[in-house]
Amino acid sequence: MGSANVSPRRKINLAEQIRKLNAIGIALSSENNLNNLLELIVTEARNFTRADGGSLYIKEADKLNFVVAQTESLQHTNGKKQPFKSLYLPLSKASIAGYVALTGEVLNIPDVYDVPKTVAYRINKEFDRQTGYRSQSMLVVPMRDHTDEIIGVLQLINSMNGRGEVIPFEPEYESIILSLASQAAVAIRNVKLIAEIKNLFRSLVRYSAKAIDSRSPHTAGHSGRVAKYGVRLARAINEETAGRLGKIHFSEEEIEELRMAGWLHDIGKIGVRESVLEKTTKLTDDQIEVIAERFEGIKRWLQTQSLERKIQLCSTAKDQIEKMAAETVQAVAEVDAAFEFIKRINLPGFLNDEDRKKLKAIAQQTYVNSRGERRRYLTKKEFENLSIVRGNLTEEEYKEMQSHVNHTLDILNKIPFTKDLRNIPKHAAGHHEYLDGSGYPLGLKGDEISNQARIMCIADIFDALSSPDRPYKEAIPLEQTLEILRSQASSGQLDGDIVELFIRKKLYLRPALDDEED
Ligand SMILES: [Fe+2]
Ligand SMILES: [Fe+2]
């Protein structure tokens, strides 16, 4: 048919339809939630054809997944949306959708209750039976993606005229809906592809973080928990309506970015030696064992010395021998006491001046070893480790431990994050920055520290203090942990509003943490 035969009315319609189709194409390509996209496809196709109902099936291996069902008139009679559960149909020519999925044919059926006996497909009347609906006209098209593969089927039910009567679908809708269906197919493919890539990246991030956390038994699971506490805090801040926090809102993308930053915040620990990561006391068990043996040696040396002198003194006064024996017992007891003292101060904690002096005195004492060499009670390295005033790391080890944030920043800066995730390096590497500038690595202050980094800092401290899995200690009691957070807030290190929210909403409750999305 030549263009001269096309009536002016049809021409206007065609232009209008192309415009609508374009608008739909744009809407479809900008929806990135799969469920919303599928609903949108059915809604738009129904609007286009004035169809009362519509369904969408996605092909999955040898099945059809029935994912969307909409029926306008039933919604009106029931006053609510139809309850819908996705279900699977076998991929066979016996059903209308299956037939279209397998053959790629477009079916435009005036009345599905009245199809010729010669065709392979039949309508499944179950839906009509259950709802009292009468499916009549149907337009069913395959959804082909850019590679021409059929990925699903779009089914439109009961085209309506202006008087609310069911009429057959206009044949001119066939090619338009076919074209809409392939736009939809491409959009579905894209959304699925993006979801797959995101999923792949998420898994990679989680497994790397878990591997790094598990290098040390006392950090197992730490990054995942920091991510979860962080997300909890962000969502709780979103619920706030008053005060400073009431003005902060995190979008879903920002929450996802924060979650990732939580997972990745300690990734730089890969650059810290295991001996430092795993250090739980000032000296290792092996090093303490060396001291134990040495001190046993010292005691034997004292006793041997005493024996030798006894022999020398044999000829002299008895009370002198007794006095010396008593002195030896005393000296041996002092060695035992010194060793007990060493074991005590080997645990991380605060070393006061008095203990420091005592340690120095012990370290400076000398004995003669089995080779006849005079030695100090403690080596230089042992003394250096045992004299750590706070915690259990020497200054050098502490610097190495702190360097994990620099490594985190270096590593994350090299990852070409997408726009949505571009702030991960900043948030993740800010988890040890304090508002008063006393944190590390950059010593950032106040507004220089993002809200997300403030959240992570609190989550990180809370988890480190409350984890029961540190070998040398029980978890610090909850009340005390919260008190530490409060005091760090009042001293100007932590964001006081966020700390208070964390405590007020009991966001720290651990038991439910496992049920939360990773
Ligand atoms: Fe850290
Ligand atoms: Fe951490």
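Predicted model: local features only at pLDDT ≥ 70, side-chain atom pairs only at ≥ 80, totals over all residues.
Local features are taken at pLDDT of at least 70 and side-chain atom pairs at pLDDT 80 or more, while totals for chains, interfaces and linings use all residues. Side-chain values use heavy atoms, without hydrogens or water; residues are numbered from 1 along each chain as its sequence is written, and chains are lettered from A and ligands numbered from 1 in the order in which they are written.

The protein chain has an average pLDDT of 89, and 93% of its residues score at least 70; pLDDT is the predictor's confidence in each residue, from 0 to 100. Residues 1–12 stay under 50. For this segment the model has two contacts beyond four places in sequence, a contact being heavy atoms within 4.5 Å.

Donors are N, O and S atoms within 2.8 Å of the metal (3.2 Å for Na, K and Ca); water is not among the atoms, so sites may look incomplete. Four donors count as tetrahedral if all angles lie between 85 and 135 degrees; four count as square planar and six as octahedral if opposite donors are over 155 degrees apart and all others between 65 and 115; anything else is irregular. His265 sits in the loop between helix 9 (252–264) and helix 10 (274–277) and Asp460 in helix 17 (residues 451–466), so the pair ties together parts that are 195 residues apart in sequence. Helices (H or I, at least four residues) and strands (E, at least two) are DSSP runs, numbered from the N terminus.

The iron ion (ligand 1) is coordinated by Asp266 (OD), His404 (NE2), His431 (NE2) and His432 (NE2), at 2.1 to 2.4 Å. Its four donor atoms subtend angles of 81 to 168°, again an irregular arrangement. Asp266 bridges the two iron ions, ligand 1 and ligand 2, which lie 3.4 Å apart. Asp266 is in the loop between helix 9 and helix 10 and His404 in helix 15 (residues 395–413), so this pair joins parts 138 residues apart in sequence. Asp266 is buried at 2% relative accessibility, and His404 is buried at 3%. Buried means under 20% relative accessible area, exposed over 50%, partly exposed in between (1.4 Å probe, protein chains only).

Just after helix 4, Gly104 has a positive phi of about 75°.

The structure holds 32 salt bridges, each a side-chain nitrogen of Lys or Arg within 4 Å of a carboxyl oxygen of Asp or Glu. One of them joins Arg294 and Glu382, with the closest N and O atoms 2.9 Å apart. Arg294 lies in helix 11 (residues 285–313) and Glu382 in helix 14 (residues 380–386), so the pair ties together parts that are 88 residues apart in sequence. Arg294 is buried at 14% relative accessible area, and Glu382 is buried at 8%.
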